[in-house]
Amino acid sequence: MSERLSVLAQGLQGSQILRIGAEVRELMAAGRPVCNLTVGDFAPAQFPVPARLVKGIARQLEAGQTNYPPANGLPELRKAVVAFYKEWLGLDVPLDGVLIAAGGRPIIYGAYRALVNPGDRVVYPVPSWSNEYYTPIVGATPVEVPCGPESGFLPTGATLERALRGATLLILNSPMNPAGTLFSERQLGEICDVVLAENARRKAGERPLFVLYDQMYWMLTFGGATHVTPPGLRPEMAKYTIFVDGISKAFAATGVRVGWGVGPVDVIKAMAVLLTHVGAWAPRAEQIATAELLPDGDAIRAYHRVMLPAIEERLTLLADGIAALKREGLPVDSTVPCSTIYLSAQFALNGRRAPDGTVLATNEEIRRYLLHSAGLGAVQFQAFGAREETGWFRLSVGAVSTADIRALLPRLREALAAVR
Ligand code: PLP
């Protein structure tokens with residue numbers, strides 16, 4: 001890398017997920033049958049955004065809503081978020097504790113920047129989404145907590161307890177990218193108790209341990225799964241919790257770019273000042289259209305009555321297909337679909353031989369084998385910071401049809417059976 005760049009820029013890595021996605025698209029462009037389960041996004045043909053959002057944005061642009069929004073977001077959207085959290089999550093949040101931005105990413109970046117000094121300990125589970133990129137940006141000391149299938153790839157109070165000693169920030173994400181799992185009340189409650197105990201131990205004047213609670217997928221639950229929040233379970237956690245949220249996943253609106261952070265007023269105000277200089281505002285027209293959508297519970301429920309079964313159907317097809325392969329004795333497994341657009345699947349081919357005689361040692365080698373032999377586009381947990389080569393992958397269904405999945409399964413069976 002060029003020495004003309006800053007040390008930070010020289011060390012920065014691009015997203016592995018995007019690299020894998022580009023490889024998959026190349027194969028598809030060459031006419032190969034591929035079921036693209038790599039992208040954490042929605043194909044608008046499969047999952048369109050709510051029509052009233054599109055119409056609202058167009059109407060507001062026509063009406064001349066084309067100038068800068070206020071740095072912390074339009075008051076009508078901030079008020080709509082306060083009411084939305086009260087109605088849907090039972091949370092009371094102050095208006096000044098809401099910051100609007102261009103999606104969830106600037107909120108995450110702003111929180112890292114506003115809370116973490118160089119050298120501070122930032123604790124996050126692996127696999128998890130993008131923390132291995134954000135920690136070096138702020139010069140934090142990363143404290144990775146490996147999580148496996150036994151806890152749904154989510155951390156527990158017990159696994160976090162030691163890691164949190166002296167830490168500045170704990171990153172939690174539920175429902176979870178990449179695993180598609182979510183915290184139970186008990187699992188999150190125990191983590192909150194560990195955080196509260198750690199904060200109770202700190203002396204006056206010492207900076208507290210905060211929790212960045214990324215609930216970008218909280219509206220995407222099904223099969224009886226219920227989303228829980230730290231302040232919802234332990235009200236005292238409100239002092240320490242910064243929510244990451246937005247319309248990107250809940251309304252399949254990843255390209256619309258409206259997100260929000262909710263948290264303690266002093267932290268949210270600092271994040272707003274920081275992001276002013278980044279200019280990561282959500283456009284005015286999109287903020288107003290979102291402010292019109294959020295209070296309309298009936299429209300949201302009607303939208304999700306279509307969207308959620310469509311996601312669940314796809315994830316269930318995959319999980320059932322994998323379960324059938326497992327019954328045949330093939331080395332595969334998966335989690336149970338319950339939230340997000342993701343399923344964790346294990347293709348435990350590590351150490352086995354592909355038909356051409358090469359040994360599939362790493363998950364990257366398994367990924368390439370399954371892509372080229374079965375047309376399965378999947379992303380290994382290594383792209384989410386995991387280190388163990390145990391064959392776990394993220395399968396994302398936002399950009400595929402049920403027909404795509406049905407066509408994949410026999411190809412996958414053949415490719416798995418051919419490995420010795
Ligand atoms: N948080 C999680 C867990 C995500 O998976 C994503 C996007 O994939 C984001 C945050 C960022 O969302 P946005 O697209 O609104 O920036």
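**Pockets, cavities and one buried serine**

Student: What classes of residue line the largest pocket?
Tutor: The lining of the largest pocket has eleven nonpolar, twelve polar and seven charged residues. Ala, Val, Leu, Ile, Met, Phe, Trp, Tyr, Cys and Pro count as nonpolar, Asp, Glu, Lys and Arg as charged, and the others, Gly among them, as polar.

Student: What should I know about the model itself?
Tutor: It is a predicted model: local features need pLDDT of at least 70, side-chain atom pairs count only at pLDDT 80 or more, and totals for chains, interfaces and linings use all residues. Residues are numbered from 1 along each chain as its sequence is written, and side-chain values use heavy atoms, with hydrogens and water left out.

Student: How much space lies in the largest pocket?
Tutor: About 670 Å³. A volume is the space filled by probe spheres set on grid points, which are joined across faces, edges and corners.

Student: And which residues are closest to its centre?
Tutor: L18, G40, R105, W129 and K249, out of the 30 residues that line the largest pocket.

Student: What counts as a pocket, a cavity or a lining residue?
Tutor: The search runs on a 1 Å grid over the protein atoms alone. A pocket is an open set of points with protein on both sides within 12 Å along at least five of seven lines. A cavity is a set of points where a 1.4 Å probe fits but cannot get out. Lining residues have an atom within 4 Å of a point.

Student: Which element gives the largest share of the largest pocket's lining?
Tutor: Helix 2, with five residues. Helices (H or I, at least four residues) and strands (E, at least two) are DSSP runs, numbered from the N terminus.

Student: How far apart are the domain centres?
Tutor: 27 Å, taken over C-alpha atoms. The contact (heavy atoms within 4.5 Å) takes 37 residues from domain 1 and 34 residues from domain 2.

Student: Next pocket. Where does the second largest one lie?
Tutor: Between domain 1 and domain 2, because both give residues to its lining. Its volume is about 230 Å³. Of its 16 lining residues, V126, P146, C147, A386 and E388 are the closest to its centre.

Student: What lines the largest cavity?
Tutor: I108, S128, W129, N131, I171, N173, L212 and D214. Strand 5 (169-173) and strand 6 (210-214) each give two or more residues.

Student: And the second largest cavity, what classes line that?
Tutor: Seven nonpolar, three polar and no charged residues. Strand 5 gives the largest share of that lining, three residues.

Student: Switching topic. Is S396 buried or exposed?
Tutor: S396 is buried (under 20% relative accessible area; exposed is over 50%, partly exposed in between, with a 1.4 Å probe and protein chains only). Its relative accessible area is 0%. S396 sits in strand 15 (residues 392-396).

Student: What does its side chain reach?
Tutor: The side chain of S396 reaches the backbone oxygen of V39 at 2.6 Å.

Student: Which residues does S396 touch?
Tutor: N36, L37, T38, V39, G40, D41, I341 and Y342, not counting residues up to four places away in sequence.

Conventions. Domains from an automatic or database assignment. Polar contact = N/O pair within 3.5 Å; in protein donor to acceptor, adjacent residues only side chain to side chain.
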